[in-house]
Amino acid sequence: MPGTLALAIGVSLAALAHGVAVGVILPAVLLASILWVALLERVLPYRPPWNRARGDLLADALYLPTTSAVAALMRPAVATVGVGVAGWLSTRFGVGLWPHEWPLPAQLGLSWVVVELFAYWPHRWLHEVPWLWRLHATHHSPERLYWLNATRAHPLEHVFRSCFNMLPLALAGASTELIALQAITDAVVGLFQHANVDIRLGPLNYVFSAAPVHRWHHSRDRAEADHNYGDNFIFWDLVFGTYYRPREREVEALGIRGLDAFPSGYLAQLVAPFRWGRIERESRTGGAAPNR
């Protein structure tokens, strides 16, 4: 996984240096990463049964364009706010907020630290605030992890998180190239975070929020799942005391204990946060159809 990320960043930097447009680099790297991770799931699966669909493939496939559409809508809105605030701060204090004079790889390293902080707290709030959990439950509902359900999340959750995740670079006036490199990081690590691949990272499990750490975040036991909130890296979990990875055992069942009536269909999941009481009642009585 670190090699794939390094290769994706390296190829992107080389392409940028040769004048290749960001609009060409980004989709090409994303597509290559998806194909690579999908192949690894077949030749090096963590749990072979997770490679078999469980009536979830269609819903997961529909979330991919949904996620892209929400991001496309949110990006200009957040950028407009960020540029406006950044301009005001620059005028007010006479300094820029971002070190544009740094080499691009150094800027990317700083971006990883800053963006992760703005990703950590919204993700944690999605677990700790009951009405936000109703949105986030969609992402935790699968009983298996594989590359495609990395994008499974309610559109309103994407709107909520985008207000924070996209803000720091927009606010700081970061370049288009840097934002593209951050997007590549998000995509590559996000794929490996949910991939059904037998990844062995050793000490790097204290750096990356990849599958060996993130699987615990999807544990059916909420006491275990309410940890490991990092999007790409895990260092803010270490700072705030929410890192969790037992050495003596592997994660067992995935999903949400006590919420067995959570629907599996795409459209039913979109309205699930607004039918929460019914879902909880049907989970207690066992009277729900899984696709409703």
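Okay, hi everyone. Some housekeeping before we start. This is a predicted model, where local features need pLDDT of at least 70, side-chain atom pairs count only at pLDDT 80 or more, and totals for chains, interfaces and linings use all residues. Residues are numbered from 1 along each chain as its sequence is written, and side-chain values use heavy atoms, with hydrogens and water left out.

So, what's in the fold? The protein chain has 13 helices and zero strands. Here helices are DSSP runs of H or I with at least four residues, strands are E runs of at least two, and numbering goes from the N terminus. With a radius of gyration of 19 Å, close to the 19 Å from the globule rule for 292 residues, the chain is as compact as a globular protein of that length. That radius is taken over C-alpha atoms, and the rule is 2.2 Å times the number of residues to the power 0.38. Along its principal axes, the C-alpha trace spans about 60 × 40 × 35 Å.

Next, the inside. Of the 292 residues, 48% count as buried, meaning under 20% relative accessible area with a 1.4 Å probe, protein chains only. If you take contacts (heavy atoms within 4.5 Å) between residues at least 6 apart in sequence, 74% join residues at least 24 apart.

Now for the cores. A nonpolar core is a set of buried Ala, Val, Leu, Ile, Met, Phe, Trp, Tyr and Cys residues joined through side-chain atoms within 4.5 Å. The largest one has 33 residues, and Ile184, Phe192 and Phe208 touch the most other members. Several helices supply at least two residues each, among them helix 1 (2–17), helix 2 (22–43) and helix 8 (176–194). Which helix gives the most to this core? Helix 8 does, with eight residues.

Let's zoom in on Ile184. Leaving aside neighbours within four places in sequence, Ile184 is in contact with Ala8, Ile9, Ser12, Ile25, Leu26 and Val29. There's also a second, separate core of nine residues, including Trp133, Ala137, Leu259 and Ala272.

One last residue, and I like this one. Asn228 has a positive phi of about 55 degrees although it is not a glycine. Where does Asn228 lie? Look in the loop between helix 10 (222–225) and helix 11 (235–240). And is Asn228 buried or exposed? At 0% relative accessibility, Asn228 counts as buried.

That's me done, thanks!

Key: Buried < 20%, exposed > 50% of the residue type's maximum accessible area, 1.4 Å probe, protein only.
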